[in-house]
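Subject: Structure handover

Hello,

Here is the structure I promised you. Please open it beside this email and follow along.

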Number of protein chains: 2
Amino acid sequence: MTLTLTALPGMPYVHPGDDLVELLLQALERANLNLVDGDILVLAQKIVSKSENRLVNLSTVQPGLRAETIASQIEKDPRLVELILAESNEVLRTRPGTIVVEHKLGFVCANAGIDHSNVAGEGGIEGEWVLLLPEDPDRSASRIRVALEIISGVKIGVMIIDSHGRAWRQGTVGSAIGLSGLPGLLDLRGQPDLFGYTLRVTTVGVGDELAAAASLLMGQAAEGTPAVHVRGFPYPLVDGSLKELLRPKEMDLFR
Amino acid sequence: MTLTLTALPGMPYVHPGDDLVELLLQALERANLNLVDGDILVLAQKIVSKSENRLVNLSTVQPGLRAETIASQIEKDPRLVELILAESNEVLRTRPGTIVVEHKLGFVCANAGIDHSNVAGEGGIEGEWVLLLPEDPDRSASRIRVALEIISGVKIGVMIIDSHGRAWRQGTVGSAIGLSGLPGLLDLRGQPDLFGYTLRVTTVGVGDELAAAASLLMGQAAEGTPAVHVRGFPYPLVDGSLKELLRPKEMDLFR
């Protein structure tokens, strides 16, 4: 059983309005890869967000009182804090430079996933632009998946990922923020193990495991490769969603 | 750039005292894989723990008062609770059936990683045996790595993983609990991004990302494949340790 992940070479810098499906097809061709049934494409959040024009120019943002207060406490641009608050359901913790929030999309992440780095200015105003997450990453993934399936004639999965910190461990890991055509969670509860015992509590975050795997190939710095092709995902491609991977707040022991 | 993970077929059930290095070499041969420089082997905790005889018969455990108290609160075998406490630095949270602890090894996990399922009785007393984690998984990984390097004449990495829950997300993911010959954490702080901005805060948990990737291929149930061969890890194999991946308690915002 083999799982193969290939970083698609030569993906161009993505601009608002670019057709990601077309860019992905070109990148697959450069890699000499034809999509086959069961393949998955994993996309960095940034290229999806940019293609959907989720760029915001900070000069257009008017911070409110709460944003000003938090910004002064943690030494962060109050306009950026304003955007972070607007994109979030709840602030969980703050520390210098970082606000840990529950994003409107339901997951916990730093700074609402709003990114300053690797965002070039649109219209030449560099440094003033930031990038919000896609408005509905499951829907974005679905749109891209369906378009690719129509063109290729095969059934695939598409996942959008971002880098998230963890509560107790150092370093970010790739995590699913939207998916379509593949499962997020695999429920093994009640299945017998090797010796006939019952596995009582195991659900596996296979979407996040694949997100982490693909993230390894994306790099974080200069020559990033924001699209990864996956072959050999060892579970059936039942359709899933981000929601499977989110722990309901009432089951969260650590807030 | 391609990352290839192969579940090694036909690994036998491991017993205390078994020579894992020999079993891995046989499994690599069955898979027609020769180790080359830069390869990594990822091993499920269970086979390492069993080979190191970390089995405990519950009938030999005498629960103390604290274990009895917690056990009655969460409806768990008091002998198992006693072992969990003995293997842990600190209890973080409890809920029915589960104790979230900081393990003596430094990471946060459920039930100190002590496993009831997939543990066959030694000497025929089934159901009474549980399996503790390796005493020093970094050292276990190092021992296996060095032995394989001497035999094969190439430089490789070895990682031991377990399935961990997350604070805010559903489903377990494979996580590093010991490693040797590969980095746990990649420090990108200060490196410029695509547009010359400085990446200010990014460290990437590449060890955990690889652990999650390998875990995808191990399965959790009946026909588990507890050893995965990795080719194409996209970072230099500098020697690392579990400690890189552990967030110091004083930097932990969520206890």
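Which residues of helix 4 of chain A are buried? They are Pro78(A), Arg79(A), Leu80(A), Val81(A), Glu82(A), Leu83(A) and Ile84(A). Keep in mind that this is a predicted model.

**Helix 4**

Helix 4 of chain A covers residues 78-86. Seven of its nine residues are buried, so the rest of the structure largely encloses this helix. What do the buried residues pack against? Their partners in chain A are strand 3 (55-57), helix 3 (65-74), strand 4, strand 5 and strand 7 (129-131).

**Pro63**

Now find Pro63(A). It sits in the loop between strand 3 and helix 3 of chain A. Is Pro63(A) buried or exposed, or something in between? It has 19 other C-beta atoms within 10 Å. A buried residue needs 20 or more, so Pro63(A) counts as partly exposed. Leaving aside residues up to four places away in sequence, Pro63(A) touches Glu68(A), Ala71(A), Pro78(A), Arg79(A), Val81(A) and Glu82(A). Pro78(A), Arg79(A), Val81(A) and Glu82(A) are among the buried residues of helix 4. Ser180(A) is another matter. It comes 117 residues away from Pro63(A) along the chain, and their C-alpha atoms are 35 Å apart.

**A hairpin**

Strand 4 (residues 88-95) and strand 5 (residues 98-103) of chain A pair in the antiparallel sense. The pairing runs over six bridges. Within it, Thr94(A) has Ile99(A) as its bridge partner. Two residues lie between the strands, and together the strands form a hairpin. In the turn, Gly97(A) has a positive phi of about 85°.

**The sheet across both chains**

Next, look at the open sheet. How many strands form it? Ten do, and the pairing is mixed. The order is 9(A)-8(A)-2(A)-12(A)-1(A)-1(B)-12(B)-2(B)-8(B)-9(B). Strand 9 (173-180) of chain A and strand 9 (173-180) of chain B are the edge strands, as each pairs on one side only. On average, neighbouring strands of this sheet are turned by 25° against each other, ignoring direction.

Zoom in on one pair. Strand 2 (residues 40-44) and strand 8 (residues 157-164) of chain A pair in the parallel sense over five bridges. Val42(A) stands opposite Met159(A) of strand 8.

**Helix 6 meets helix 6**

Helix 6 (residues 206-218) of chain A packs against helix 6 (residues 206-218) of chain B. The angle is about 125°, and the axes are 8 Å apart. The two helices are therefore oblique to each other. Their crossing is left-handed. From chain A, the contact includes Val206(A), Leu210(A) and Ala213(A). From chain B, it includes Val206(B), Leu210(B) and Ala213(B).

**Chain A overall**

Chain A has six helices and twelve strands. Of its 255 residues, 49% are buried. Take the contacts in chain A between residues at least 6 apart in sequence: 59% of them join residues at least 24 apart.

Best wishes

Methods:
Residues numbered from 1 in each chain as written. Chains lettered and ligands numbered in written order. Predicted model: local features only at pLDDT ≥ 70, side-chain atom pairs only at ≥ 80, totals over all residues. Pairing = 2+ DSSP bridges. Helix = DSSP H or I, 4+ residues; strand = E, 2+ residues; numbered from the N terminus. Buried ≥ 20, exposed ≤ 12 C-beta atoms within 10 Å, placed from the backbone. Contact = placed C-beta atoms within 7 Å. Axes fitted to C-alpha atoms, helices over the stretch in contact; angles between N-to-C directions. Parallel < 35°, antiparallel > 145°, perpendicular 65-115°, else oblique. Left-handed = near helix turned anticlockwise from the far one by under 90°.
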